[in-house]
Amino acid sequence: MRSLFTIRQINLLATFVTVAGCAHAQIMEKEDGSATSIMYWSNEDRAMRVAHDDAVEFCEKKGKQFILVKESASYRGMDKDAKAAIQTAGAAVSVLSGDTGAFWAGQSVTSRNDDYKVTLEFKCK
């Protein structure tokens, strides 16, 4: 019986989960007391969550509460239609051939850890 994942793929996934769990936003404090949290990630929701959580933690360490002033997100990756087509093709080849490597190849070719940039402007009060 053939294993669904190879040892190499399991190791890559474990590395990804470890790195993803350690991702942190860059926080810059301004002279006027406001701050900006910037996070780059392959997923907009994850980038937003990390930028927000790190900003909240930044304020809590000062004994203050986080107040969101403005948020923005921009996509910086490859064309979304082309990305979806490549990922779908990789998944199809994976299903038809039984080789999960094609799926992972389609994912890695199309996604980078900086596809999305999230910027939060906030104050700690």
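Me: How do strand β2 (residues 34–41) and β4 pair, and over how many bridges?
Reply: Strand β2 (residues 34–41) pairs with β4 in the antiparallel sense, over eight bridges. Two strands pair if DSSP finds at least two bridges between them, and strands (E, at least two residues) are DSSP runs numbered from the N terminus, as are helices (H or I, at least four residues).

Me: What is the bridge partner of S34 in β4?
Reply: The partner of S34 is K123.

Me: Is this a predicted model, or what does the source state?
Reply: The model is predicted: local features need pLDDT of at least 70, side-chain atom pairs count only at pLDDT 80 or more, and totals for chains, interfaces and linings use all residues. Residues are numbered from 1 along each chain as its sequence is written, and side-chain values use heavy atoms, with hydrogens and water left out.

Me: What is the strand order in the open sheet?
Reply: The four strands run β1-β2-β4-β3, with antiparallel pairing. The edge strands, β1 (26–29) and β3, each pair on one side only.

Me: Changing topic, how many aromatic pairs are there?
Reply: The structure holds three. Rings of Phe, Tyr and Trp (its six-membered ring) pair if their centres lie within 6.5 Å; planes under 30 degrees apart count as stacked, over 60 as edge-to-face and the rest as tilted. The planes of F66 and F122 meet at 40°, with ring centres 5.4 Å apart, so this pair is tilted. F66 lies in strand β3 (residues 66–75) and F122 in strand β4 (residues 116–124), 56 residues apart.

Me: Which residues do ring pairs link into a cluster?
Reply: The cluster consists of F58, F66 and F122.
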